[in-house]
Amino acid sequence: MGESLILYLALGVMAAAGLYSSVGHGGASAYIAIMAIAGLAPDEVRPAALVLNIVVAGLGAVRFVRAGRFDWRVFWPFAVAAIPAAFVAGRVDVPEHLYRPLLAFALAAAAVRYLVWPQIDAIKPSAPPSAFVALPAGAALGALAGLTGIGGGVYLSPLLVFAGWADPQRATGIAACFIVVNSLAGLAGRASSLATLPTYLPWLVGAAIVGAVLGTTWSLKGLNRAGVLRVLGVVLGVAAAALVT
């Protein structure tokens, strides 16, 4: 691959990492779209996107947890159920035309809500769900993450906020931690694909780190609850568009 194309890929990854990390996401859906447009082979795209996802979400998880934007009571049941589901689903090949349109519609609907009416969920009270609710929900989200090759935060964040299980700012840290464990499980389920990682991946990782530092700094210093939801609306809209391209 030529140096100019690697540069364009790196810039695209950095921009996506900056936007997604500001709401606690890893950006895998955007990386998949960027690399697919660049003509990378499908076998390269998913594992590379998961590696970038882990890097970006991992950095976000550290920063958001340190800032108090996290709730262990919400996180643990979702993570416990999602990890094995993501591992198993990561080994299953499902025709994309069966799930991509439905996921795109759901994400687009959530995007409209948070872009147009962010105050509705910015001011509502929040409380952790019971384990009887969170465990099956976590398993479903983990399975979705494994099937689609992304960390699952793009599904978890709007669910947490919409259901009143976490406020928008705490949802960023919960989603980031959820993405890290889910992406690791999904990558383990596709361990054989590690051999297809592109040789220029370190350049993309470096770009992702720069973007994640900028994005998380912006979130911590400049975004209130309504601001987080507006950015989340943009992220969900980008993710929906990526699913239908």
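**Putting labels to the test**

Modeller: Helices here are DSSP runs of H or I with at least four residues, strands are E runs of at least two, and both are numbered from the N terminus. Keep in mind that this is a predicted model, where local features need pLDDT of at least 70, side-chain atom pairs count only at pLDDT 80 or more, and totals for chains, interfaces and linings use all residues. Residues are numbered from 1 along each chain as its sequence is written, and side-chain values use heavy atoms, with hydrogens and water left out.

Biologist: Why is A171 called buried?

Modeller: Buried means under 20% relative accessible area, exposed means over 50%, and partly exposed is in between (1.4 Å probe, protein chains only). A171 has 2%, so it's buried. Also, A171 and D71 are 100 residues apart in sequence, yet their C-alpha atoms are 8.3 Å apart in space.

Biologist: What makes D71 and R73 a salt bridge?

Modeller: The rule asks for a side-chain nitrogen of Lys or Arg within 4 Å of a carboxyl oxygen of Asp or Glu. In D71 and R73 the closest N and O atoms are 3.1 Å apart, which passes. D71 is buried at 13%, whereas R73 counts as exposed because its value is 53%.

Biologist: How many salt bridges does that rule give?

Modeller: The count comes to five. D167 takes part in a salt bridge with R170, at 3.6 Å from N to O. The side chains of R225 and D167 meet in a salt bridge too, again 3.6 Å, N to O. That pair links distant parts of the chain: R225 is in helix 11 (residues 225–244), D167 is in the loop between helix 8 and helix 9 (168–189), and they are 58 residues apart.

Biologist: Which accessibility labels do D167, R170 and R225 get?

Modeller: D167 has 8%, so it's buried. R170 is partly exposed because it has 34%, and R225 gets that label with 33%. Salt bridges that share partners also join R113, D121 and K124 into one network.

Biologist: How do you know that R69 has no salt bridge?

Modeller: Lys and Arg count as positive, Asp and Glu as negative, while His and the chain ends are not counted. For buried R69, the nearest side chain of opposite charge is D167, and that one is 7.1 Å away. R69 sits in the loop between helix 3 (42–66) and helix 4 (72–89).

Biologist: What does the side chain of R69 contact, then?

Modeller: The side chain of S219, in a polar contact at 3.3 Å. The cut-off is a pair of N or O atoms within 3.5 Å; within protein, one must be able to donate a hydrogen and the other to accept it, and residues adjacent in sequence count only if both atoms are side-chain atoms.

Biologist: And P136, why is that one called partly exposed?

Modeller: Its relative accessibility is 47%, so P136 counts as partly exposed. P136 lies in helix 7 (residues 131–148). Its C-alpha atom is separated by 8.9 Å from that of P77, 59 residues apart along the chain.

Biologist: Which labels have we covered?

Modeller: Buried, as for A171, exposed, as for R73, and partly exposed, as for P136.
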